[in-house]
Structure formats: structure tokens, C-alpha cells
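Open the model in your viewer and keep the sequence panel beside it. The stops below say what to select and what you will find there.

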Amino acid sequence: MAEDALERNPEGSSRAELSIRKVGVIGAGQMGNGIAHVAALAGYEVELNDLSRAQYDAAIEIISNNLGRQLSKGKITEAERDEALARISFADGLEALGDCDLIIEAVTEDEDIKRRILTDLCPHLKASAILASNTSSISITRLASTTDRPEQFIGMHFMNPVPVMKLVELIRGIATADDTFRTSRAFVETIGKTVAVAEDFPAFIVNRILLPMINEAVYTLYEGVGNVEAIDTAMRLGAHHPMGPLQLADFIGLDTCLSVMQVLYEGLADSKYRPCPLMVKYVEAGWLGRKAGRGFYDYRSDPPVPTR
Ligand SMILES: NC(=O)c1ccc[n+]([C@@H]2O[C@H](COP(=O)([O-])OP(=O)(O)OC[C@H]3O[C@@H](n4cnc5c(N)ncnc54)[C@H](O)[C@@H]3O)[C@@H](O)[C@H]2O)c1
């Protein structure tokens, strides 16, 4: 990626014009490591937090491999890879995020965990800091209400895998200030992503449409209409989807899929969003998809084999 592509995207926002210099990312899982990757590559200093140093080290290894892939495809230079890696450091505890201008929360999709982190985090932040959540489905207004700065709180929903996917949904809570929205939008543009603005309703736009489709695919499996291979093949070749819905569920993580369906079911009070019992069973078994080595496919063999 050329330096001016990093500095200024077609929409016109440049990093130099922004008040954001340092970005904190809480949660170094699939999404958090991707967010740290793209922010560091765009020139931001990044503090990456997780429960342990080991989780951070695992994330750095993934980021390093993903940067290596971009390098081998000629998308970035060796110097850009090295500089990006050098910009990321371990935030040992939430207090280490105290000098960040923007903090993006990307921990497990569980409202209690997110609320606890936000409550613990706020006393450490500088007054001007903007807080964003990468939640897939939880109310931004409700999360904002647990902080000391609802007007500086926003939903910033990245797509998986972050370095590849162009979209970021921006979701304003009821109190989100115009300035917060403008700065967040400009930040997203400086990392080369495109914004879609969504209202604060359960699961926003992408997951409101995508997750019921995945849930229906699991019902199709549960009811024996087709096996894993038939369902995924049918949707790849019959609907021209780049991957089947069960493969996609494994990729997202079945725990995240289930949480989103629960938020839709409870938030919209409509039985059409009832999570499929088979999805619940897979999550209870710890078969969470690719990140756990097993979901609708078993990834311990190469190529992965369907589990039903
Ligand atoms: N997986 C997807 O496709 C996808 C897409 C968009 C948004 N999201 C959202 O992003 C968020 C993270 O999802 P993910 O797929 O990266 O999950 P993940 O399971 O890969 O990662 C979650 C990380 O949060 C960490 N964590 C948990 N509690 C913590 C705490 N108290 N302090 C610090 N770290 C903590 C875990 O150790 C883990 O590393 C969720 O809100 C999810 O809904 C996921």
C-alpha cells in the first residue's frame, strides 16, 4: 500500500487532520487482532489488550502472518510490514489505555462482559477519548449508558476478516454527538474502509439480514432437509454465495452467531428469530467453529470434514 493511500483515501479524510493518534483495542481475538492490524498499517499507534500476555502474543503471531500474506501479494512493502508491527504494543491492564484517543472494544459478544469492561475502563480515560464497540448486535445506547461519556460512544462494526473486508457499519446511540460521529467516520476512512450508517436496532444491518439466513441453514440441517455438504454446496452454487452458510457460521464463530440470534429474538420479540436448538448444542459442546478447531466442519483434518 502506498504511503499516500494510507494517508488520504478517496473520501478525503487524512490522518494528519484527525485528533486521533493512538488507538486502544480491547480483545485480541479474531476481530481485535484484525482491527489492530489495519489501524497500525494506517499509521496509528496501537495498544492491544486481552486477558493475558499469551493471548496478545498469539494475536501478534496472527497479525504478523496476515501482514506477511499482504507482503507476498505485493500489497504492502517490507518496511510497511515492519513499521506496522512496531506500532503495536501490549496494554497490560485497562489503565494502559489511558493515553489513547480512540478505544475500540472487541471482546466476546456478551453484554455483561462488555458492560463490566466499559465501567472499569472509564476512570482511566482522558476526557476527550472516544469509545467504540465492535459489537455485532448489542444496543449501542445501552452500552453507552454504562459509561461516563454516552455522547462520545459509538458502534464501529468491522467485518471479518478485517484486513480484507471493506465495510464498517457506524451506529449512533441515542446520545452520540455529531463530533463523535464525524471523527469516527474520518478514522474509518483513513484506514481505507467504507462506512454504512445503521440505526441502533438489534444486529444493525448486516447481521439483521445475514444471521437469520445462517440460523435457517442450521434449521435445515437440524430438520434433515440436507447434510452440511449439501446445504453449503446448494447455497454456493445455487445462490452464488462465496461460501456456504454453515462454513460462514464456523468462520464467524458459533458463540457469536448464537449471541446475535438471542439479541434479535429478545430485542425484536419475534419467534422467527428463535435460535436453532442445534446451534445451541454445538455451542454447549464447545464446537464453536474454526477458532475452536471444530464446528459444522472438523478443522483438525485437511481438508476439513463435515461433522454431520
Ligand atoms: N467473528 C465475527 O465474524 C465478528 C464480526 C464482527 C464483529 N464481531 C464482534 O467482535 C467481538 C469479538 O468477536 P471475535 O470474533 O473477535 O471473538 P473472539 O472469541 O475471537 O475474541 C474475543 C476476545 O476477547 C477477549 N476477552 C474476553 N474477555 C475479556 C476481558 N475481560 N478483557 C480483555 N479481553 C477479553 C478473549 O480473550 C478473546 O481473545 C464480538 O463483539 C463480536 O460480536 C465478530
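Start with the whole protein and colour it as two parts: domain 1 (22-199) and domain 2 (207-306), with bounds that come from an automatic or database domain assignment. Their C-alpha centres lie 26 Å apart. Eight residues from domain 1 and eight residues from domain 2 make the contact, where contact means heavy atoms within 4.5 Å.

Before zooming in, note that residues are numbered from 1 along each chain as its sequence is written. This is a predicted model, in which local features need pLDDT of at least 70, side-chain atom pairs count only at pLDDT 80 or more, and totals for chains, interfaces and linings use all residues; side-chain values use heavy atoms, with hydrogens and water left out.

**Stop 1: the ligand**

Which classes make up the shell?

A side-chain N or O atom of Asp 50 is 2.6 Å from an oxygen atom of the ligand. For Gln 55, a polar side-chain atom lies 2.9 Å from a ligand oxygen, and for Lys 291 the distance is 3.1 Å. The protein covers 88% of the 840 Å² of accessible area that the ligand has on its own (Shrake-Rupley method, 1.4 Å probe).

Helices (H or I, at least four residues) and strands (E, at least two) are DSSP runs, numbered from the N terminus.

**Stop 2: helix H10**

Select residues 245-252, helix H10, where seven of the eight residues are buried (under 20% relative accessible area, with exposed over 50% and partly exposed in between; 1.4 Å probe, protein chains only). Among the buried residues are Leu 246, Asp 250 and Ile 252. They pack against H2, helix H8 (206-222), helix H9 (228-238), helix H11 (254-268) and S9. Gly 253 follows H10 and has a positive phi, near 110 degrees.

**Stop 3: backbone points**

Most residues other than glycine have a negative phi, and most peptide bonds are trans. Select Ala 203, in the loop between strand S8 (194-198) and H8; its phi is positive, about 70 degrees, although it is not a glycine. Is Ala 203 buried or exposed? Ala 203 is buried, at 0% relative accessibility. Move to His 240, in the loop between H9 and H10, where phi is also positive, about 60 degrees. His 240 is exposed, with a relative accessible area of 72%.

Finish at two cis peptide bonds. One runs from Asn 160 to Pro 161, with omega near 0 degrees, and Pro 161 sits in the loop between S6 and strand S7 (167-172). Another runs from Asp 302 to Pro 303, with omega near 5 degrees; look for Pro 303 in the loop between S9 and strand S10 (305-306).

Notes
A polar contact is a pair of N or O atoms within 3.5 Å; within protein, one must be able to donate a hydrogen and the other to accept it, and residues adjacent in sequence count only if both atoms are side-chain atoms.
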